[in-house]
Amino acid sequence: MATIKKKIKTIKIDLDKCNGCRACEMICSSFHASPKYSSNNPARSRIRMVHDPLKDVYLPVYAGEYAPAECTGRSKYVIDGKEYSECDFCRASCPSRDAFKEPDSKLPLKCDMCEGEEEPLCVKWCITGALTCEEREEEAEEPVRSVELDTGLEDLVNKYGLQQLQDTLNRISQAKKG
Amino acid sequence: MRYAETGFNLEIDLSRGNIERVETDPKLTELYLGGLGTNAKILWDRVPPETDPFSPDNLLIFSAGLLCGTPAVGANRTIITTYSPQTLLMAYSMMGGFWAPELKYAGYDKVIFRGKSAKLIYVWIHNDKVEIRDASHLRGKGSNETAEIIKKELNDPNVQVAAIGLAGENRVYTASIEQGRSSASRLGVGAVMGDKGIKAIVVRGTKDINLAQPAEFMELCNDVLKYIKDREEKPIPGVMPILAGLGSPQEMKHIDEKWHTENFSWGNSRVRRKEFWTKEVEEKWKDTQLEARTRLISCYNCPMKCGAIISLPGMSTYMMKCFSKLTYTMAAFVDDLDFGFRIAQKATEYGVDGFSTPQIMAFAFELKDAGILTDDDFAGCPSDNEGKFYWLLDRIVRREGIGDILANGTHWAAQQIGKGAEAYAHNNIKKHEQLPLKLGMLNPVYFLMYCTGEKVNITQIEGQFPQAPFPTIEEREEFIKDWVHVPDEKFKQYLMDWEMRGEKSNPYYPTVDMSVDIVDWQEKMHYVDDVLGVCAGLSSFPLKPPYHIHNYPKFISAATGIDMDEDKLTQVYNRNRNLIRAINVRRGLRRVDEKPPEDHWRKRFPELEEELLNAYYKFKGWDNEGIPTKETLQKLDLGYVAEDLEQRGIIRNGHD
């Protein structure tokens with residue numbers, strides 16, 4: 001099977017450099033507003049500061065996958081004498097907390113690395129250097145393209161429109177996960 | 001839709017327990033912008049000048065600046081307005097931190113308190129849900145302690161808490177409002193909060209703040225961000241480290257305290273210790289600071305690191321900013337910086353102003369040495385310098401014994417004590433304790449700022465123009481090369497011609513007219529910051545800041561949709577400057593009050609000083625008493641102010 005080179009973006013988080021300003025939350029919500037930048041609201045951000053200054057806890061966390069149910073048997077981490085709950089590091093949009101959900105609809109949010117931008121906006125706005133973006137190449141298997149699937153889906157797009165098809169796929173994928 | 005602002009204020013009547021969400025008039029935003037400006041308008045309109053600061057009729061206004069909660073870097077200031085129990089004038093006090101943006105996200109521009117609560121309460125603002133809650137379990141608790149208890153109680157680590165400590169509860173005139181990272185310390189706003197029975201105001205918001213022209217606004221923000229990054233890599237040569245970069249004075253970052261410890265006064269603002277900063281002290285203080293400082297931290301949406309988390313064995317962790325590490329240390333004549341970090345922890349929990357409070361204590365011990373206060377007044381007080389200060393701080397915040405009198409600040413305490421104590425309250429302007437700074441030669445620009453500033457407090461007035469001339473022409477040329485911030489090219493010439501010695505040096509240069517120009521520019525930038533809620537540390541305070549008179553109007557237009565330019569912004573500044581002056585004039589402020597401490601400079605020039613004040617008043621369109629004239633007020637759409645002052649006989653017909 002053929003392999004291809006894939007570019008993978010990684011955000012490196014240096015907790016020691018974080019000054020806790022939450023510019024990352026602000027700009028994330030601003031970028032993802034519709035129209036772009038028309039409003040901002042850190043509660044809609046796909047990056048959240050876990051923040052407890054008096055305990056020196058400064059931890060930016062990115063939104064990852066949606067989790068339909070919360071974990072059982074959670075653990076705690078102690079690092080350099082500072083206590084973190086497992087949830088502090090968790091990227092999931094999950095029923096146990098408000099983070100990574102639209103405040104009104106409660107729909108899950110997920111970091112998309114600011115697709116189309118030179119670098120994620122949180123990284124651009126973090127001039128203290130706590131967030132930096134690294135890009136590396138990885139070899140990956142080239143996915144086999146199915147002509148049958150292409151043709152079938154194209155028919156469905158023509159019949160129902162792209163939006164409806166996407167919505168349906170989303171619904172099915174949520175239902176499968178649930 | 002309203003842009004940048006939410007368009008709603010929260011009106012809370014504590015006597016009746018009534019809460020209302022009130023839509024504001026967008027015309028007022030156009031005239032006064034927001035923050036300080038609209039606060040002043042509300043105070044003028046709604047609180048009669050006879051009102052005692054501790055009357056239920058006095059208002060306590062917490063306002064976010066106009067740009068708070070927008071992506072504008074460093075727009076996070078809360079402007080607190082009320083009548084000050086100390087100066088009896090308008091209290092003009094502010095804090096950074098995270099509170100103001102959170103208030104905007106909750107859907108409000110201001111919280112306006114009137115009346116008084118019969119019992120201690122806290123206010124919980126969570127978007128549309130606003131509650132007045134019992135706070136009897138928080139009585140006597142420290143400011144950070146209070147915030148931590150409330151976070152647990154509400155089960156939300158993301159709430160922002162502005163709280164008072166014991167000092168505010170006991171109406172100490174130097175009581176602050178603390179917000180963890182930041183505080184509104186000056187002029188007794190914490191005492192008014194305590195008088196109203198408010199222990200804390202807790203905010204959590206998850207709503208949107210909108211921009212009128214998003215693309216234009218973001219471009220301006222990106223420019224500012226880039227400028228900050230570049231500017232941080234290029235400190236200004238030839239000025240002391242704390243003035244070379246951006247931000248408020250970088251006291252948490254820098255170790256070198258030669259300038260402050262040797263040029264500022266120790267004790268009750270009298271003793272200079274010119275040989276203090278030895279190699280040995282430097283080493284010791286460096287170790288202490290690095291040990292105490294866990295992390296450098298910022299306020300909301302700001303890349304600077306002006307504050308620090310301070311953590312030492314045997315005491316609770318707290319956050320410190322700016323200069324308070326030195327104020328207690330120097331006032332108490334303690335040579336060990338460890339004391340500074342430790343007593344500031346207590347002072348933060350008690351919630352007191354870190355400038356005034358140490359001076360009050362030094363003043364008290366001077367009175368004791370002079371025999372004006374007696375051993376009886378200090379019964380039980382330890383004899384060592386550190387112990388003395390801890391002991392007296394405890395008395396003051398509890399208003400126990402002599403602490404009850406001292407809690408009113410040096411001016412009022414001296415009046416009460418009598419027996420010549422007034423001469424020891426020597427470092428005040430308008431009844432308020434000033435920086436413990438005593439200098440040689442009169443500086444005409446600083447003279448004017450000290451005399452006329454409505455903030456009554458120099459660090460919040462100065463900036464933009466260098467504090468001292470550069471020695472060589474080359475250095476001056478280098479400095480003005482990228483000095484795009486000047487409102488007019490003439491300022492570059494003022495700096496080019498300013499010499500260390502000779503004819504073109506202080507006190508006669510900058511000349512009277514130049515001094516007035518420079519002061520007007522500096523004031524303007526502070527007034528604009530305070531309506532927008534942008535930190536002075538990125539604008540009016542440091543040299544060559546990212547925000548200035550040329551880009552500010554664009555920020556305002558793009559954020560709000562108001563058509564703003566430099567002339568119109570200057571007009572707003574003049575309107576607010578005159579309105580606040582009128583508020584204070586209506587409270588009795590006159591020329592006689594506008595003078596620096598007598599010993600602030602060793603060399604004084606009475607004639608020149610008169611001339612400076614005359615020229616400044618004339619420039620402002622004020623009469624010889626510092627009262628705005630009818631014409632001045634009318635030109636600024638402040639006809640209603642002129643009418644009121646006329647009715648009260650403060651402005652007399654045909655009299656300038």
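Strands here are DSSP runs of E, at least two residues in length, numbered from the N terminus. With that in hand, start at one residue of this predicted model. V57(A) lies in strand β4 of chain A, which covers residues 57-62. V57(A) has 18 C-beta neighbours inside 10 Å, so it counts as partly exposed. Setting aside residues up to four places away in sequence, V57(A) touches V50(A), H51(A), D52(A), K82(A) and Y84(A). V57(A) and E134(A) are 77 residues apart in sequence. In space, their C-alpha atoms are 24 Å apart.

Now step back to the whole of chain A. Chain A has five helices and seven strands. Along the sequence they follow the pattern β-α-β-β-β-β-β-α-α-β-α-α. The C-alpha trace of chain A spans about 60 × 40 × 35 Å along its principal axes. Of the 178 residues in chain A, 26% are buried. Consider next the contacts in chain A with a separation of 6 or more. Residues 24 or more positions apart account for 62% of them.

Chain B comes next. Its assignment gives domain 1 (8-204), domain 2 (242-433) and domain 3 (439-647). Between the centres of domain 1 and domain 2 of chain B, taken over C-alpha atoms, there are 26 Å. These two domains touch: 34 residues of domain 1 of chain B are in contact with 30 residues of domain 2 of chain B. On the domain 1 side, α4 (143-154) and α5 (166-169) of chain B each supply at least two residues. That side of domain 1 of chain B has 12 nonpolar, 18 polar and four charged residues.

Look now at a sheet in chain B. Six strands form an open sheet with mixed pairing, in the order β2-β1-β6-β3-β4-β5. Which strands stand at the edges? They are β2 (18-23) and β5 (90-95) of chain B. Each has a single partner strand, so one side of each is left without a neighbour in the sheet. From one strand to the next, the twist averages 15 degrees.

Strand β1 (residues 8-13) of chain B runs antiparallel to β2(B), and six bridges join the two. Within this pair, F8(B) stands opposite E23(B). β1(B) and β2(B) form a hairpin with four residues between them. In the turn, G17(B) has a positive phi of about 70 degrees. Elsewhere in the sheet, strand β3 (residues 60-64) and strand β6 (residues 110-114) of chain B pair in the antiparallel sense over four bridges. There, I61(B) has I112(B) as its bridge partner.

What about the nonpolar core? The largest one holds 216 residues. C122(A), L67(B), Y122(B), V202(B) and A364(B) touch the most other members. Take L67(B) as a case. Leaving aside neighbours within four places in sequence, L67(B) is in contact with A4(B), A72(B), A75(B), L532(B), G533(B), V534(B), F555(B) and A559(B).

Last comes the meeting of the two chains. How many residues of chain B are in contact with chain A? There are 32, and they meet 25 residues of chain A. On the chain B side, β13 (209-210), α7 (214-233) and β14 (293-297) each supply at least two residues. The most comes from α7(B), with six residues. By class, this side of chain B has 18 nonpolar, eight polar and six charged residues. Strands also pair across the two chains. β2 of chain A (residues 39-40) and β13(B) run in the antiparallel sense, over two bridges. In that pairing, N40(A) has I209(B) as its bridge partner.

Methods:
Residues numbered from 1 in each chain as written. Chains lettered and ligands numbered in written order. Predicted model: local features only at pLDDT ≥ 70, side-chain atom pairs only at ≥ 80, totals over all residues. Contact = placed C-beta atoms within 7 Å. Nonpolar A, V, L, I, M, F, W, Y, C, P; charged D, E, K, R; others polar. Pairing = 2+ DSSP bridges. Buried ≥ 20, exposed ≤ 12 C-beta atoms within 10 Å, placed from the backbone. Axes fitted to C-alpha atoms, helices over the stretch in contact; angles between N-to-C directions. Core = buried A, V, L, I, M, F, W, Y, C linked by C-beta atoms within 7 Å. Domains from an automatic or database assignment.
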